[in-house]
Amino acid sequence: MEDRSTTGSAKYLTFQLAREIYGLEILKVREIVGLMEITAVPQTAHYIRGVVNLRGKIIPVLDLRRKFGMDEAEFTKQTCIITTQIPGKSGAILVGLVVDMVHEVLLVSETEIEPVPEMGDDLQKKFILGLAKGKDKVTILLDIEKVVQSGDLEAVEGLEKAIAGAV
Amino acid sequence: MPFHPIPPSLEDEWSRLAGRSVLLENDPEGLLSLLEDLVRWIEKAVAQDWPPAGTYLSQTLTLIQGLKAGRPAAPALQRLRDLLDQMTLGEEGEEAPALDGPQKSAAPTTPGLFHISEEELPGFQDFMGEAPRHLDNIEVTLLSLGQGADADVLQICRPFHTLKGICGFMNLTGLNQVAHKAESLLEPYKSSGLRMPAGLADLLFPVLDLFRRQVKLIGEGLEKRAFPLLDNSEHLRRLEKDAVEAPAAEANGVENAENNSHQMKGLDDRSIRIGVEKMDALLEAVGELSICQTQVTEGVLGLNVTGILTSEAGRLGKISRQLRDIVLSLRMVPIQALLTRMARAARDLARQTGKEVAVHLAGGETELDKRLVEEIAEPMLHLLRNAVDHGFEKSEERRRVGKPEVGQLHFRASHQGGDFVLEVEDDGQGLDAERIKSKALEKGLLKAGEEVTHEKLVDLIFAPGFSTAEKLTDVSGRGVGLDAVRRKIEELKGALRVESERGKGCLFILRIPLTLALMDGILLRVGDNRYVLPAAQVRRFWAFRTTQEHELSKGKGWIETKEGNLPLVDLAHWFKGRSDRGEQTVVVEVESAGRVTTLLADEILGKQQVVIKPLAEALGRVKGVSGGAVLGDGRVGLILDVNALAAWHEAVHA
């Protein structure tokens, strides 16, 4: 049950990477699973950790720390994989994201979202929908489709390079 | 057309009729299909307020009640047939239901576009599922007839009759008319027991083609809800003409029909049609179940307890294996229909190229996953083209070298060690080493003076763009055939071997797993990673000390074996994985489409049945990997693409 004040607002799943809190549109989240054994796939971009078997489907797993150029961290008990569902060439595709820890579901109204300030590098900016300012913290809202799709392109490019290098 | 609901009382009658017809399990006279046709027609006639519908319905019911009361079946059956004919073609002086147009004169329909309405769509979907089966049945019989064997006229008549009914029902008047003509043409043999002349096959094959082409068009048009109608006038004319020239009497020959009908039985049993998506979903769930079960069982055994938990875990394993076998068997279909199609194609090709070829089929009952049957159709066609076009000599030439004039082409299907094996053998001229060599030199695929072993020869004929045909023909010479075969076999995780003796003939042995869902895999360890090799592609493996003689780096990718130097692909190098390799490694000899390569891995972990899965779409194509597999512990293993690895080796060490 939602009251009227929720119109023009959306729910975000928030998670932590290093010290930052990020948000994902909840509608694009399929489920959250604990960390499982990831099978590395050779000759893909470095931020593609590999693939896992999610109840019979093989899905790729992206490491968001690597993707955003952050320092690597050891996996902990809180490390988990958020499975997101995004449109692909032939129907929806599932992609897993390794994050440090999942926080909560946050209701953000449109009025609370602020544009990204003109600073920082462009590469990161294009993944960001906006910033949601709370009382004591800022949540970075991610455009997950852009994150994954740009990854897709880079993965393919990386692959081509790897192949060219190998031959 | 306004839709008239069937009055409730009629609907009752109708469903009772339909229900009863289903009860007639032993159906020696094709009564069941006859009743089905009738029921459909009556349903339609009633829906369209066609006045005589009521009469037909009551007549049909009377007949059926008569049958039930044990009256002789034959006259009642004849009456039923007549009734159906009257209905499908419209009685003299009476207008048939408006939409169904066919008139007694059977005027040729003009080709045009057929639009499928919403109500008709399910009907056409059923038609697509049903029609190919009837066409296959006709084809099997026509083929044996064409080769001079005795054939049972009923085996052709019945499917034609059913098709006629369905086509009439679907408003496919053109096909309905052609089927009717074909049936009339066969009528004399049915009633007299006369032996059908082989020439009849030549007359009916084009009809079969017309049906096949139309069915294909309908299939393609389902989505767009429209398909082009083929012109049937030529067929009608031919059938008409020959029907007039009444077939020459060749007495006797019905006894043999017993044999054929026995053979056919498997193809026409009562069955349920299930959508492929549902089957795939079922298989996926069962695959998951068996992985889950493995883990549960391992967990239970690890607890080291006795009693109900342990015994039930064992039972769970048994049941889940059983379930998996059943689900897999559901997807299995006999290869007969495909073999028949190949025999037919060989016959046509031989005719086109002016050669005489007799086709022999064996192992038609061998079962294979339905999807694989579809997948191997194309490679088989290429192999067959290759045999007919390159393999067989013309009759004069065969006579000259002392071979029987008619070339012998064998298709043999069998199960061997969990794989499906298909052999295509011809007694033609075999691989022409000299010609292949000179062509390869010309195309730069071979260096002058290079030694050409049998393996190399085979590799060459499978190379992209390679063809020894002097000129392009419709049949072959484009140099895409065998290359396409190799790629397809690789995709299906199979292997292909070629044996050839100059002047004696050529033998292609195609080996693929029985199903695309499960595969016997050899598990390799390379560094921290595990890879899967299709067991069908592994020839042998042996321990290997890296310190010995070879430095396994770039530029030294060969290994000495008794059979000569073989290419060696270091998987750790290829996948740039970390390898904590000690001195002990293992060399695995693999074969794909006649090409033998060896792979260097750290360890062989064992043989395991794995569930094959497509690799994540978002990853795109990963070179050297042909797909993913879920291993027994639920983790993902990557399946190696042997062909790509071999090609990579070739590119590096050329």
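# Exercises on sheets and helices

Chain A holds an open sheet of five strands in the order S3-S6-S7-S5-S4, with mixed pairing. The model is predicted: local features need pLDDT of at least 70, side-chain atom pairs count only at pLDDT 80 or more, and totals for chains, interfaces and linings use all residues. Residues are numbered from 1 along each chain as its sequence is written, chains are lettered from A and ligands numbered from 1 in the order written, and side-chain values use heavy atoms, without hydrogens and water.

## Exercise 1

Find the edge strands of the sheet in chain A.

**Solution.** Begin with the terms. Strands are DSSP runs of E with at least two residues, helices are runs of H or I with at least four, and both are numbered from the N terminus. Two strands pair if DSSP finds at least two bridges between them.

Next, look for strands with a single partner. These are S3 (29-34) and S4 (48-54) of chain A, so one side of each lacks a neighbour in the sheet.

Then check a pair. S5 (residues 57-63) and S7 (residues 91-99) of chain A run parallel over three bridges. Asp63(A) has Val98(A) in S7(A) as its bridge partner.

## Exercise 2

Now take the partners. S7 (residues 419-426) of chain B pairs with S9(B) in the antiparallel sense over eight bridges. S8 (residues 495-501) of chain B is also antiparallel to S9(B), over seven bridges.

Locate Ile509(B) in S9(B). Opposite Ile509(B) stand Glu423(B) and Arg497(B).

Finish at the turn. Three residues separate S8(B) from S9(B) in a hairpin, and Gly503(B) in the turn has a positive phi of about 85 degrees.

## Exercise 3

Work out how helix H8 (residues 199-221) and helix H13 (residues 336-352) of chain B cross.

**Solution.** Take the axes: lines fitted to C-alpha atoms over the stretch in contact, with angles from 0 to 180 degrees between N-to-C directions. The axes of H8(B) and H13(B) come within 13 Å and cross at roughly 115 degrees. That makes H8(B) roughly perpendicular to H13(B); the class covers 65 to 115 degrees.

List the contact residues, with heavy atoms within 4.5 Å. H8(B) gives Asp202(B), Phe205(B), Leu208(B) and Asp209(B), and H13(B) gives Arg344(B), Arg347(B) and Arg351(B).

Key. Parallel < 35°, antiparallel > 145°, perpendicular 65-115°, else oblique.
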